[in-house]
Amino acid sequence: MNVFRELAQAVRAALREATDGVVAGLEAPAAGVELPRDPAHGDFATNAAMTAARAARMNPRVLAEGLSERLRADARFASVEVAGPGFVNLRMTPEFWRTQIPVILKAGAAYGDSDIGAARRVNVEYVSANPTGPLHVGHARGAVFGDALARLLTRAGYDVTTEYYINDAGAQVDALARSVHHRYLEALGEGPGPMAADMYPGEYLKPLGAVLAEEFGPRWRDADEAAWLFTFRERAVAAMMAAIREDLAAAGIEQQVFTSERALVDAGGVERAIAGLEQKGLVYWGILDPPKGKKPDDWEPGRRQLLFRSTEAGDDVDRPLKKSDGGWTYFASDIAYHMDKAARGFEDLIDVWGADHGGYVKRMQAAVTAATAARLNVKICQLVRVLRGGDMVRMSKRSGDFVTLREVVDEVGRDALRFLMLTRRNDAPLDFDLAQAVAQSRENPVFYVQYAHARCCSVLRHGEDIGEASAEDLARLEEPEELELIRRLAAWPHTVETAAAAHEPHRAAFYLMEAATDFHALWTKGRETARLRFIQDDDPVGTRARLALVRATAIVLAGGLRTLGIEPTERM
């Protein structure tokens with residue numbers, strides 16, 4: 001049960017009475033409850049009176065007084081106070097909080113599940129890095145964010161599909177094929193000389209070159225590029241994607257769908273998409289004015305081009321769909337891909353992109369709005385600075401001088417990688433400190449949360465022979481620290497819903513750190529004050545009650561960690 005929903009229902013019922021039914025149709029969040037900005041004001045707050053005042057034709061403060069009077073008759077509220085122009089602060093009774101423990105214990109691992117998504121179909125596409133080399137730690141942020149968001153949306157009741165778009169149709173994969181051919185010649189003992197500027201010089205292509213040399217011998221040594229380019233391109237993309245999938249799996253990420261751009265293009269997907277846009281009057285031939293500032297790659301001066309009317313959907317300028325050589329622009333392929341996703345029945349499209357794609361958001365949203373009935377939400381993941389020994393590690397895929405995702409997983413572990421990547425909003429820069437990731441201290445948030453869960457499991461092992469707590473037993477939970485922990489646990493379902501609605505999985509990470517802090521504080525208090533210890537041989541009633549609280553804490557911490565793709569630790 002979500003206590004926020006439960007209390008919102010009480011507020012709406014009281015509001016109907018206070019207005020003689022005038023605002024009977026008022027629904028959450030308009031008549032919802034939230035946490036007050038200042039915890040000293042109470043457990044919850046509602047601005048329902050201020051929201052309903054206009055419809056009720058009443059002064060907000062007067063309506064708040066009428067609302068409060070009716071809420072005070074509810075035994076769940078210890079106090080109901082009007083504040084400011086019409087806010088109502090709510091403080092719950094200790095008994096109300098204690099009744100949340102059996103709710104958590106009964107729900108078990110399902111505690112926090114929600115139906116707000118109403119099975120709405122959502123496609124979450126993330127990573128989608130060019131298959132030209134291994135994933136670096138910068139990709140890891142988008143990978144972890146996208147995976148955690150998908151898990152969070154699933155818990156909130158959405159029907160989620162995760163996807164990786166393989167960009168295997170552009171010039172970059174031809175450059176990859178030439179790079180592999182260069183390594184192939186090296187493996188044959190040839191001296192091909194230095195690599196061209198557009199090649200990928202990383203060491204990771206040498207093993208593939210050796211494999212091809214063993215398989216084909218000198219067959220492609222002196223052949224024209226046209227003879228070997230297709231084979232080397234296909235083998236290179238396949239090898240890179242196999243490595244990418246393996247690295248993602250090491251980080252706990254296994255996407256459900258992999259869509260090839262080349263397959264989409266070869267099947268005529270772009271032509272069909274553009275034809276559909278033409279039927280809607282969204283495509284025309286014209287000449288673009290010179291853009292202000294930096295000239296984009298797809299702008300060609302004075303040339304008549306096939307253009308998409310993206311300005312009709314909010315973009316700054318219309319966008320070209322064909323290049324001067326007759327090939328489709330990246331934008332045209334991306335429109336076709338998003339139309340394909342919409343055609344597969346997805347109502348919401350969530351794309352997770354890197355910071356270097358920020359300027360591409362408006363045109364893509366304009367295209368999806370104009371061409372489909374789906375909604376596109378683009379989440380930008382800002383840059384990650386990797387620190388090693390106090391020095392920033394610089395990354396460059398083309399030079400091969402970068403820290404790979406797999407290296408970080410091997411060094412700090414999957415759980416630390418995932419949790420630390422979620423300790424900042426996705427649109428804020430992140431410093432990833434390798435030393436912090438392996439530290440066993442409070443400064444390492446994943447260790448701190450895992451330690452709280454492990455402590456819970458340790459307590460429960462020591463008390464495994466003690467029976468279940470009754471409602472009467474739970475009345476012994478009356479200390480401020482105990483009630484504060486229960487309040488925190490009861491907020492988990494609300495955290496799931498609000499984090500999912502906002503597409504902000506970092507809220508779940510912050511929640512877990514706060515819950516762990518509350519539990520560790522209670523643990524420490526028990527070491528200082530004997531009556532607060534979880535297990536007391538001379539107090540079986542109090543012990544049963546406190547073990548129920550510990551068990552509820554373990555359920556919430558474990559559920560929260562798994563929502564972020566982290567397996568909870570039982571021993572440390």
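Predicted model: local features only at pLDDT ≥ 70, side-chain atom pairs only at ≥ 80, totals over all residues.
**Exercise 1.** Determine how many disulfides the structure contains, and explain the result for Cys456.

*Solution.* 
Step 1. A disulfide is a covalent bond between the sulfur atoms of two cysteines. The criterion applied is a pair of cysteine sulfur atoms within 2.5 Å.
Step 2. For Cys456, the closest cysteine sulfur belongs to Cys457 and lies 6.7 Å away, which is too far for a bond.
Step 3. Cys457 is likewise in no disulfide, since its nearest cysteine sulfur is that of Cys456, at 6.7 Å.
Step 4. The count for the structure is therefore zero disulfides.

**Exercise 2.** Classify Cys456 and Cys457 as buried or exposed.

*Solution.* 
Step 1. The label "buried" requires a relative accessible area under 20%.
Step 2. Cys456 has a relative accessibility of 0% and is therefore buried.
Step 3. Cys457 has a relative accessible area of 11%, so this residue is buried as well.

**Exercise 3.** Identify the salt-bridge partners of Arg406 in Asp247 and Asp410, and describe where each pair lies in the chain.

*Solution.* 
Step 1. Side chains of opposite charge can pair when their charged atoms come close. The cut-off here is 4 Å between a side-chain nitrogen of Lys or Arg and a carboxyl oxygen of Asp or Glu.
Step 2. Arg406 meets Asp247 with an N to O distance of 3.5 Å. This pair links distant parts of the chain, 159 residues apart: Arg406 is in helix 14 (residues 405-412) and Asp247 in helix 9 (residues 225-250).
Step 3. Arg406 also forms a salt bridge with Asp410, at 3.5 Å from N to O. Both residues belong to helix 14 and are separated by four residues, about one turn of the helix.
Step 4. By relative accessible area, Arg406 is partly exposed at 27%, Asp247 is buried at 9%, and Asp410 is exposed at 57%.

**Exercise 4.** State which parts of the chain are tied together by the pair Arg544 and Asp473.

*Solution.* 
Step 1. The side chains of Arg544 and Asp473 form a salt bridge, with 2.9 Å from N to O.
Step 2. Arg544 is partly exposed, at 21% relative accessibility, whereas Asp473 is buried, at 8%.

**Exercise 5.** Give the number of salt bridges in the whole structure and name the members of the network containing Arg487.

*Solution.* 
Step 1. Through shared partners, salt bridges join Arg487 with Asp43, Glu484, Arg488, Glu514 and Asp518 in one network.

Terms used
Residues numbered from 1 in each chain as written. Heavy atoms only, no water. Buried < 20%, exposed > 50% of the residue type's maximum accessible area, 1.4 Å probe, protein only. Helix = DSSP H or I, 4+ residues; strand = E, 2+ residues; numbered from the N terminus.
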